[in-house]
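User: Hi! Could you walk me through this structure?
Analyst: Happy to, here it is.

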Amino acid sequence: MTHIDITKDDQKVFDRLKSTGRITHGLKKLMVNQWNICCVCDTEIPKGRPAFAGYDANTNPIFVGACCANHLIEFATPTYWGVTHTLNVGIADSTQIWRYMDFAKFVAMLSQKGLYLARADRLEDPFEGASGLARREGEWDAFYLNFFRAAVASPPFGSSVADLSPEYIESEAVRLLGP
Ligand SMILES: [Zn+2]
């Protein structure tokens, strides 16, 4: 449980602006990336204090602490770090996915009606569950770009991917990494 600690500075923001609840994809992404770092002054928002997600005078999404809340023209929602964010990646129902789990785990899931959950120290991805993208983005991007190159270059048996040229692999890896 996060202890909520609203100071006078925070209260001023709540008094000035009513939250609209309008969270665009861009704002949601910014919230996840920033996590607990004010995007204007780059300082950490103390645990338990609200971060204010919304839009500036140019309608750009911003995620700020009370420190920089004067930039906020529309206030979408407060967030408190320690609370779990949900990521909606927007995958169509028709999308084929692979590498999500191996076949043995898939069969076990169906036959035992249970989910396989790896112990945290056995996860392959060193950034699984990590936070702090705002400060480590370069390091993470380099890791995932390499991961995607290897994944694209080794499609599962029987898949219909015909083109595995270096250009294709690179463009797919960059596409998967996203902007
Ligand atoms: Zn700030």
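Analyst: One term to begin with: domain bounds come from an automatic or database domain assignment. Here the chain is divided into domain 1 (8-79) and domain 2 (103-177). This is a predicted model, where local features need pLDDT of at least 70 and side-chain atom pairs count only at pLDDT 80 or more, while totals for chains, interfaces and linings use all residues. Residues are numbered from 1 along each chain as its sequence is written.

User: How far apart do the centres of domain 1 and domain 2 lie?
Analyst: Their C-alpha centres are 31 Å apart.

User: And how many residues are in contact between them?
Analyst: Four residues of domain 1 are in contact with five residues of domain 2. Contact means that the C-beta atoms, placed from the backbone, lie within 7 Å.

User: Switching topic, how many helices and strands does the chain have?
Analyst: There are five helices and three strands. Helices (H or I, at least four residues) and strands (E, at least two) are DSSP runs, numbered from the N terminus. In order from the N terminus, the elements run α-α-β-β-β-α-α-α.

User: Why is the chain more spread out than a compact globule?
Analyst: Its radius of gyration is 20 Å, well over the 16 Å that the globule rule gives for 179 residues, so the chain is more spread out than a compact globule. The radius is taken over C-alpha atoms, and the rule is 2.2 Å times the number of residues to the power 0.38.

User: What follows α5?
Analyst: Gly178 does, and its phi is positive, near 85 degrees.

Terms used. Two residues are in contact if their C-beta atoms, placed from the backbone, lie within 7 Å.
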